There are 2 protein chains.
Amino acid sequence: MASYKLVYFNVMGLGEPIRFLLSYGGVEFEDIRVNHSSEEWANMKPMTPFGQLPTLEINGKVYSQTLSICRYLAKQFNLLGKTDLDTLQIDAIASALYDFRRLAISSYYRETDPALKAKKKIDVMTRVYPFYLSKLEDLAKNNGGYLHGNQLSYADLFFVAISDSLNTAYESDITEDKPHLKSLKEKVLAHENIKSWIEKRPKLEF
Amino acid sequence: MASYKLVYFNVMGLGEPIRFLLSYGGVEFEDIRVNHSSEEWANMKPMTPFGQLPTLEINGKVYSQTLSICRYLAKQFNLLGKTDLDTLQIDAIASALYDFRRLAISSYYRETDPALKAKKKIDVMTRVYPFYLSKLEDLAKNNGGYLHGNQLSYADLFFVAISDSLNTAYESDITEDKPHLKSLKEKVLAHENIKSWIEKRPKLEF
C-alpha cells in the first residue's frame with residue numbers, strides 16, 4: 001500500500017480537499033502542519049517543487065499543486081467520471097471552485113490593506129459569491145444532486161472541503177438559499193469516511 | 001472525427017496552449033476570436049460555463065477552464081506520460097506554468113494602476129521570473145531536455161505556447177541564459193504541425 005504524507009499549513013485551505021480525498025479513499029496519511037510564520041517554513045519553501053504548499057509525498061517522492069494532486073487521488077479512488085469528457089467537465093468544475101476560493105479567500109479575505117479589502121469586499125459579496133453559487137446550484141440541480149453526471153466525483157468533495165472557509169469569508173451559510181448545494185453537502189458529509197475525518201480533524205475557521 | 005471550436009480573445013494568452021495542442025494533434029479546429037471590449041463579449045460572458053474564455057466546443061458541447069481542456073486534449077494525443085504518477089507530475093508542471101503566466105501577465109503586465117504596476121514589476125522581475133525559470137531549467141536539464149520523463153508532454157507544449165508572452169512582459173528572451181529551455185523550445189517549434197501553426201497564426205505580441 002502506498003504511503004502518503006501531506007505537508008500544509010495549519011488551516012483547512014487548499015490542504016482540505018486533499019485530506020477529504022485521502023479520507024474518502026480510506027488510506028492512512030501523515031497530516032503535517034507547518035507554521036506559516038516559522039523559520040521552518042522559510043527554510044522549507046525553496047526546497048518545495050514550486051515554492052508552495054500543499055505538497056503530497058507519495059512513497060517518498062514529493063508532488064505539488066493542489067488540483068493536480070486531487071486529480072491523481074480522484075483517479076485512484078474512481079472519482080473522475082465515466083468517460084474522458086466526463087473527466088474534462090469534472091476537472092473544469094474543480095478548477096472553477098479553485099478560482100472561486102482564490103477570489104473569496106486568498107485575494108479578498110487575506111488582503112492586508114484595509115482600504116483595498118473594503119473595495120474587494122463589495123465585488124466579492126455582490127458579484128463573486130452570487131455568480132459562482134448560482135452556477136453551482138444549477139449544476140447540482142441538473143445533475144441529480146451532484147455537480148456532474150449524477151454521481152459523486154472529486155468536484156463534489158472539493159466543494160464541500162472548501163465550503164466552511166467560504167462560509168467564514170461570506171459571514172453566512174453559502175447553501176442557505178441553495179437547496180441542491182445544501183443537500184449535496186449533507187450527502188458528502190454523511191459518507192462514513194468523511195464523517196470520521198470531520199470528527200477527528202482540528203477545528204479551524206479556515 | 002470530433003469537431004472542435006475554440007472561442008477566445010484575439011491574443012495568444014490562455015488560448016495558445018489549446019491551439020498548440022489541437023495543432024499538434026493534427027485536428028481541424030475553428031479559431032474564433034472575440035473582441036474583449038465588444039458588446040458581443042458582454043452578451044456572451046454570462047452564457048459561458050464560468051464567465052470566462054477560453055471555451056472549447058467539442059462536438060457541439062461547450063467546455064471551459066484552460067488546464068482542464070489542455071489535459072483532455074493531451075490524453076487524446078498521448079501527451080500525459082506513461083503512469084498516473086507521470087501524469088501527476090506533468091499536470092503539476094503545467095499548473096505551475098499557469099501560475100507563472102498569471103503572475104507575470106494577468107497580475108503584473110495587465111495592471112492598469114501605474115503605481116501598483118511599478119511595484120509589481122520589481123517583484124516579478126527580481127523574484128517571479130528568476131524563480132520559475134530556474135526551476136524549469138533544472139527540470140529540462142534533469143529530464144533529457146523535456147520538462148518531465150525524457151519525453152514530450154503537454155507541459156512542454158504549454159511552456160512554448162506561453163513563452164512569447166512571457167518574453168514580451170520580461171522585455172527580454174526568457175531562454176537567454178537557459179540552454180535547456182532554449183533547446184526544448186527549438187525542439188517543440190521544429191515539430192511539423194507546430195511549425196505549420198506558427199506560420200499561419202496571427203502575429204501578436206501576447
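A:Phe50, B:Phe100, B:Tyr129, B:Phe131, B:Tyr132 and B:Tyr170 make up one aromatic cluster. This is a predicted model, where local features need pLDDT of at least 70, side-chain atom pairs count only at pLDDT 80 or more, and totals for chains, interfaces and linings use all residues. Residues are numbered from 1 along each chain as its sequence is written, chains are lettered from A and ligands numbered from 1 in the order in which they are written, and side-chain values use heavy atoms, with hydrogens and water left out.

User: How many aromatic pairs does the structure hold over all chains?

Analyst: Rings of Phe, Tyr and Trp (its six-membered ring) pair if their centres lie within 6.5 Å; planes under 30 degrees apart count as stacked, over 60 as edge-to-face and the rest as tilted. Over all chains, the number of pairs is 20.

User: What is the angle between the planes of A:Phe100 and A:Tyr129?

Analyst: A:Phe100 is buried (under 20% relative accessible area, with exposed over 50%, partly exposed in between; 1.4 Å probe, protein chains only). A:Tyr129 also counts as buried, at 0% relative accessibility. Their rings form an edge-to-face pair, 5.2 Å centre to centre, and the angle between the planes is 75°.

User: Which residue has its ring under the charged end of A:Lys117?

Analyst: A charge sits over a ring if NZ of Lys or CZ of Arg is within 6 Å of the ring centre and within 35 degrees of the ring normal. The charged end of A:Lys117 is 5.7 Å from the ring centre of A:Tyr108.
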